[in-house]
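Have a look at the structure first, then read on.

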Amino acid sequence: MAPEQPYLTWGVLSTANIGRKVVVPAIVASSNGVLGAVASRDAGQARDFADAFGADVRAYGRYEDLLDDPTIDAVYVPLPNALHEDWTVAALEAGKHVLCEKPLAPTAAACRRMGEAAEAAERLLMEAFMYRFHPRTRAVAKLVRDGAIGRPRQVHAAFAFALRRPDDVRWSRALAGGALLDVGSYAVDAARRLLGEEPVEASAFATYAEPGVDGELVGQLRFASGALATVACALTLPRLERVQVVGDAGRIDVDRAFVGGREALAYDLTGADGVTARHVVDGVDQYRLMVEAFADRVLGRALDAPVSDAAEAARTVAVLEALAASAVRGGAPVAIAR
Ligand SMILES: NC(=O)c1ccc[n+]([C@@H]2O[C@H](COP(=O)([O-])OP(=O)(O)OC[C@H]3O[C@@H](n4cnc5c(N)ncnc54)[C@H](OP(=O)(O)O)[C@@H]3O)[C@@H](O)[C@H]2O)c1
C-alpha cells in the first residue's frame, strides 16, 4: 500500500540474495517508498520474486525494460561487483536515482565515473553501505570525534565469514569477487572514517583461492598523522565482525560491527583509567534506515544522515586497490593514489 506522504517508487535490478532477504523487505517496510518492479535475466524468476512482494509489483525479463519503465523513480542495484558500473550508469542515464551495493565498483576510477554520470544526470547515487546508518555506528563515530578516547591513533578492523557455496559470485575473478572487495571493504571503510583521515600507504599479504581471488587477506595502513590501522578479511573462516579504535586516552571495542542484526547491540568504552563500560543501543533495521535516508534525500527532505556518495566510495576503493596491489607483490608497501 502506498504511504500517505510523498514516496519513491523503487525498481530492483536482479533477484540477488541480498535484495530478496533484506533490502527489498526494507523497501517494502519503509515509510517513504514502495516496490514498483523487479527485473531478472530470467522472466520467470522475476515473476516469482515480484509475487513474493505483492500482486501489483511488475516483473521484467530484461534489466533494460525496467529502466524504460517511467513509473520507476529509483533503482536498487545488487548485481555482482563487476557489473555495478555499467548498470548504474545506464540507470542514471535513464533518469533514475540509484542505490548501488557496496563496493560501489572494483576501482576508484570507476567510482568516479559513476559519480560523474550522477552529476550529469542530476540524479542521486548512493553506495549501500548500510552499517554507516546504524545508530551504534554513528554513536561510536561521534564519541571518537568528540574526543572520548583522546586522539585516535589505531584502528583494528576485521570482517570474516565462511562462504560455503562453491558457485557463489564472490569466487569469480571475472565478477570482481574476493574477500577484500566483499568484506575487507567494511574494515577499510571503518578505519578511514574512525581515524577521520585518508591513509597514504598500504601493505598486505593474501591467500588466494585462485589467481585474482583472495580468500583471506591481512593488511596494514599508514596515515599521514602517524595513525595506523590493521584490516583483516576472509571468506573462509567462522564469522567475525570486529572493530577496535584506540586513542591516547582510551579505546572503543565493537563486536558484530557490520551486519549486526536487528536486536540491541553494544559497544565497550574503556577510559584512560582502564575501566570498561558497556553501552547498549536499541535494535533497528539498518537497511530500512538506509533506504529511508536515500528516499528522503531524493524527496529533498532535510535530514541528518551519513554521506555515502561516489566520492566517499572512491576513497575507500582506492585503499582496497593499494592493498590488493601490495598483496600481489608479496607485501611490498604501495602508495595510495588520490
Ligand atoms: N550490504 C550488504 O549487507 C550486502 C550483503 C551481501 C551482498 N552485498 C552486495 O550485493 C551484491 C550482490 O550480492 P549477492 O550475494 O546478493 O549476489 P547474488 O545472490 O549472487 O545475486 C547477484 C544477482 O546478479 C544477477 N546477475 C547478473 N549477471 C550475473 C552473472 N554474470 N553472474 C551471476 N549473477 C548475475 C543475478 O540475478 P538475475 O539472474 O535475477 O538477473 C543474480 O541473482 C554484491 O555487490 C555484494 O557485495 C551486500
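## Two backbone spots

Ser14 sits in the loop between β1 (8–13) and α1; helices (H or I, at least four residues) and strands (E, at least two) are DSSP runs, numbered from the N terminus. Ser14 isn't a glycine, yet its phi is positive, near 105 degrees.

Over in the loop between β5 (97–100) and α5 (108–121) you'll find Pro103. The peptide bond joining Lys102 and Pro103 is cis, with omega at about -20 degrees.

## How to read the numbers

This is a predicted model, where local features need pLDDT of at least 70 and side-chain atom pairs count only at pLDDT 80 or more, while totals for chains, interfaces and linings use all residues. Residues are numbered from 1 along each chain as its sequence is written, and side-chain values use heavy atoms, with hydrogens and water left out.

## Who touches the ligand

There are 24 residues around the ligand, and Thr15, Ser40, Tyr63, Asn81 and Tyr287 come nearest (near means that a heavy atom of the residue lies within 4 Å). By class, the shell has 13 nonpolar, six polar and five charged residues; Ala, Val, Leu, Ile, Met, Phe, Trp, Tyr, Cys and Pro count as nonpolar, Asp, Glu, Lys and Arg as charged, and the others, Gly among them, as polar.

Now for polar contacts (pairs of N or O atoms within 3.5 Å). A side-chain N or O atom of Thr15 is 2.6 Å from a ligand oxygen, and a polar side-chain atom of Tyr287 lies 2.7 Å from a ligand oxygen. Lys102 uses a polar backbone atom instead, 2.9 Å from an oxygen of the ligand.

Methods:
A polar contact is a pair of N or O atoms within 3.5 Å; within protein, one must be able to donate a hydrogen and the other to accept it, and residues adjacent in sequence count only if both atoms are side-chain atoms.
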